[in-house]
Amino acid sequence: MALGPRLELRQGQALVMTPQLQQAIKLLQLSNLELMAYVEQELERNPLLERVDSENPGGEDAKDPFEVAEAGPAVERIDLASDGIAEKARESLDVDSEADSTFNNDSGYDAMGPESGLGSNYISGRGGDPRFEDESGGLENSLTESRSLREHVQDQWLLMPANAGDRLIGQALIDALDEAGYLTEPLEEIAERLGVGADDVEAVLLDLQTIEPAGLFARSLKECLALQLRERDRLDPAMQALLENLELLAKRDIAGLMRICGVDQEDIADMVQEIRALNPKPGLLFGSEPVQTLVPDVYVRRANDGSWMVELNSDTLPRVLVNSRYYAKVTRAEKGGNGQDKQTKSYMSDCLNSANWLVKSLDQRAQTILKVASEIVRQQDAFLRHGVAHLKPLNLRAVAEAIEMHESTVSRVTSNKTMATPRGIFEMKYFFTASIAATDGGEAFSAESIRHRIKALIDAEPADDVLSDDKIVEILAGKGVDIARRTVAKYREAMNIPSSVERRRLKKAGLLKTA
């Protein structure tokens, strides 16, 4: 067989990932903060991109041929009013008390329509009740800043008698405090840095540990609790022994604690209750850096007719425009000159194409998020109306087939996205759970709803009739849930719930709540 070079022509199909397509895919999986940062980079890099002013959406000149990146249909209505659902929804407009809701529906927002002029501002987080607004910029501008931990400690330290050397040591100890009120730097290092003896630092530390609230300047959790118990005059030898063996308390080894502390079961229960009443992080009582508020990407609210309104949060949708007038001006100037600058023309053309593609990608991203969120709401209608016990099993394929998209697209859309519902703010991934089969072959149950049922059964059990895993399986089977004992044990351990034997001992000792 002869070997030699030769030319061949073959025809085939292949998916080519262009830079523009890669950009569109990347935008889908970005969170709202990451998207804002990405758009800011593009605004700095591309001279044809401009940010849309909320007060003047048309730019400086409304007649300019600007192309604005809109969010498309930012609201979608899901009509679930058939089969008497509308009547049930009107009867149950108030969310049940069992829901841990951070998105309150008691504000009367349902009654606000677009014509009221308040609904859109409320849902996007840009406004509130106009009665609380003034010329100074709103209620938030009138709030005073809370005192920090260091300011509180320094004020008390200045009132305590001390010489100049002790003042220097005390300031170094204050600077070594963390936000929880603990001393983070070893005393030996502080003494070496200041050129003083470790005994001098220890003496100043004892003075600082008398500052209110008790527990500040502790070097460990045991010392923090001991300082608080000493301030309450409850640091007796038995309590001291309990503090020295906190790891046994974490393991719920009540018998070992009773033996070490030399007390009976009733006394150990009282001691544990005293420990639980203490504050393990007293420094957090004071002002600290503000916590970053979670801004949802999608809002879901109930309409008066029982349907669900799904709306994109406009605050998380950066709006940019393409300044076509500036592009035309630059290209005209080049053509009217002595000679056309090909490099400048090529650069401006690339900027125009990039800007147009970004506008298109942002619009497509917004519409895709709205479409996926609307399908999730349609699938999880029972959860929104009745709670976590009615959460349906759902996977990416079911949503992808319903909206005629690929599973990978749905996966990217639901990553790093949150949804504000009348029952709280949830990650979109929360609504995708595994399924547990039904005993009668009927509709399957969501794994999350089964965990909720298991926890509810355990919370309601009395101390003299603790439910074993087998008993929980039997109860769930009576309600149509086909679940194995090892699955119940796995769910129980994932929720940090002890076994039935340990729960019985703890509940009899008064260390766990009983029904």
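**Local geometry and packing in the predicted model**

Asn 496 is exposed, with a relative accessible area of 65% (exposed being over 50%, buried under 20% and partly exposed in between, with a 1.4 Å probe and protein chains only). The structure is a predicted model, in which local features need a pLDDT of at least 70 and side-chain atom pairs count only at pLDDT 80 or more, whereas totals for chains, interfaces and linings use all residues. Residues are numbered from 1 along each chain as its sequence is written, and side-chain values use heavy atoms, with hydrogens and water left out.

The protein has 22 helices and 10 strands (DSSP runs numbered from the N terminus, with helices being H or I of at least four residues and strands E of at least two). Of its 515 residues, 40% count as buried. Among the contacts in the protein that have a separation of 6 or more, residues 24 or more positions apart account for 66%, a contact being heavy atoms within 4.5 Å.

Two residues other than glycine have a positive phi. Asn 496, found in the loop between helix H21 (485–494) and helix H22 (500–508), has a phi near 60°. Phe 217 has a positive phi of about 65° and is placed in the loop between H8 and H9; in contrast to the exposed Asn 496, Phe 217 is buried, with a relative accessible area of 0%. The loop between helix H8 (198–208) and helix H9 (221–231) also holds Pro 213, which is joined to Glu 212 by a cis peptide bond with omega at about -5°. Most residues other than glycine have a negative phi, and most peptide bonds are trans.

Glu 42, in helix H2 (residues 32–45), counts as buried because its relative accessibility is 9%. The side chain of Glu 42 makes a polar contact with the side chain of Arg 45 at 2.7 Å (a polar contact is a pair of N or O atoms within 3.5 Å, of which, within protein, one must be able to donate a hydrogen and the other to accept it, and residues adjacent in sequence count only if both atoms are side-chain atoms). When neighbours within four places in sequence are left aside, Glu 42 is in contact with Leu 49, Ser 354 and Leu 358.

Glu 461 lies in the loop between helix H19 (447–460) and helix H20 (469–478) and, at 2% relative accessibility, counts as buried. A polar atom of the Glu 461 side chain lies 2.8 Å from the backbone nitrogen of Leu 467. By contrast, Glu 179, in the loop between helix H6 (164–175) and helix H7 (187–194), counts as exposed because its relative accessibility is 57%. The C-alpha atoms of Glu 179 and Ser 148 are 9.1 Å apart in space, for a sequence distance of 31 residues.

Helix H15 (residues 342–379) packs against helix H18 (residues 407–414) at an angle of about 95°, with the two axes 10 Å apart (axes are lines fitted to C-alpha atoms, for helices over the stretch in contact, and angles run from 0 to 180 degrees between N-to-C directions). H15 and H18 are therefore roughly perpendicular to each other, a description that covers angles of 65 to 115 degrees, where under 35 is roughly parallel, over 145 roughly antiparallel and the rest oblique. In this packing, Thr 368, Ile 369, Val 372 and Ile 376 of H15 meet Thr 409, Val 410, Val 413 and Thr 414 of H18.
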